[in-house]
Amino acid sequence: MRHHHKTLAMSLMAALSITAVQGQDAARVLVEQGRYWQSRGDNQRAAQAWKKLLRVNPNQPEALGGMAVAEADLKRYEQADSYLAKLRKINPEHPALANAQASINLLKNGGQLRNARELAKSGKNEEA
């Protein structure tokens with residue numbers, strides 16, 4: 001009887017390990033998808049990957065940062081700030097926080113930069 005319990009326990013541990021590895025693989029794939037779509041400027045598709053990842057792990061740093069960028073891209077800055085605040089609370093040193101903040105700043109100020117460049121090109125340096 002003891003041998004049966006030991007075998008059953010080992011089988012259960014192996015099954016749990018496989019499930020954990022599969023979960024890690026799925027998370028890795030979703031992170032790669034989110035990164036891929038954001039690098040292509042398709043924040044809507046990126047958000048789909050990030051949302052799936054956040055359903056599995058609501059504290060996943062890259063997904064929180066990615067969602068912040070996606071929301072900022074849609075000019076929903078309050079939601080973007082909410083994702084950043086959660087990420088800052090969970091892991092204030094995570095590189096995803098700095099990356100997301102830099103991307104959001106660029107999105108917010110991108111129009112102003114473009115306008116300034118156009119003014120500078122047309123010789124209106126002071127206005128730029």
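Which residues in α4 are buried? They are Ala 80, Leu 84 and Leu 87, where buried means under 20% relative accessible area, exposed over 50% and partly exposed in between, with a 1.4 Å probe and protein chains only. These three cover an arc of only 60 degrees around the axis, which puts them on the same side of α4; the arc is that of the directions from the helix axis to the C-beta atoms. An α-helix has 3.6 residues a turn, so residues three or four places apart point the same way. On the face of α4 turned away from its buried side you will find the exposed residues Glu 78 and Lys 89.

A word on the source: this is a predicted model, in which local features need pLDDT of at least 70 and side-chain atom pairs count only at pLDDT 80 or more, while totals for chains, interfaces and linings use all residues. Residues are numbered from 1 along each chain as its sequence is written, and side-chain values use heavy atoms, leaving out hydrogens and water.

Now look at the aromatic residues. A search of the whole structure gives 1 aromatic pair, with ring centres required to lie within 6.5 Å (Trp by its six-membered ring) and planes under 30 degrees apart called stacked, over 60 edge-to-face and the rest tilted. Tyr 36 and Trp 37 form this edge-to-face pair, 4.9 Å centre to centre with 80 degrees between the planes.

| Residue | Relative accessibility | Class |
|---|---|---|
| Tyr 36 | 38% | partly exposed |
| Trp 37 | 25% | partly exposed |

Note on methods: Helix = DSSP H or I, 4+ residues; strand = E, 2+ residues; numbered from the N terminus.
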